[in-house]
Amino acid sequence: MSIDLGPFVSEYQGHLVAGVDEVGRGPLAGDVVTAAVILDPENPIDGLNDSKKLTEKKRNALFDEIQEKALSWAIARASVAEIDDINILQASLLAMKRAVEALDVQPEHVLVDGNKIPKWHYRAEAVVKGDGRVACIGAASILAKVTRDREMEAFDKEYPGYGFAGHKGYPTKVHMEAVERLGVCPIHRRSYAPIKAKLEQIELF
């Protein structure tokens, strides 16, 4: 599926437009990871799309190509502690803000996946399902997902038995059975209901 700036192309053509996306709002474990990307119109990248619609092999190939060809890109995050402290929505917005601020080329406009925009000074708008409609957001979703997936694979070795390499922290049956069997580990989000319930259960005994 070929995607571009769609309805935004005429308004923002010639401007430095950054796309921003996050990965990891739903998992019970790990950081929420964001990326910001300003694509180079003189150096197009074929095959950009919502990272969830691409194969792992294609994502990994595009991950390298985006970093090579984009005018600017940055990856940022909010930690498990920050998620537990300010909630996942605010942590996601904070991580998005960090990603845009980390760009070495400052954008003239920012397109944010979803329906909310961080509090910042940039001209910006939210684009619902933007990762499948807007090329620079699709590129950001790929950088964020590949980064987070690789981190969860590393955590699988650090915390064996939870299956992080497979479910990436999402609340699958395998994950919940592992939590029941092994307990809560340091990368679990303690404010999330299933983890909070497990901790409360432990406190009762």
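**Group meeting: a helix crossing and a pocket**

In this predicted model, helix α2 passes helix α5 in a left-handed crossing, a term used when the near helix is turned anticlockwise from the far one by less than a right angle. Helices here are DSSP runs of H or I with at least four residues, and strands are runs of E with at least two, numbered from the N terminus. Local features need pLDDT of at least 70, side-chain atom pairs count only at pLDDT 80 or more, and totals for chains, interfaces and linings use all residues. Residues are numbered from 1 along each chain as its sequence is written, and side-chain values use heavy atoms, leaving out hydrogens and water.

The contact, meaning heavy atoms within 4.5 Å, involves residues of α2, including F63 and I66, and residues of α5, among them L143 and R150. These contact residues divide into 7 nonpolar, 3 polar and 6 charged, where Asp, Glu, Lys and Arg count as charged, Ala, Val, Leu, Ile, Met, Phe, Trp, Tyr, Cys and Pro as nonpolar, and the others, Gly among them, as polar.

E22 lies in strand β1, and β1 and α5 each supply at least two residues of the lining of the second largest pocket. The largest share of that lining, 4 residues, comes from α5, and by class the lining has 2 nonpolar, 4 polar and 9 charged residues.
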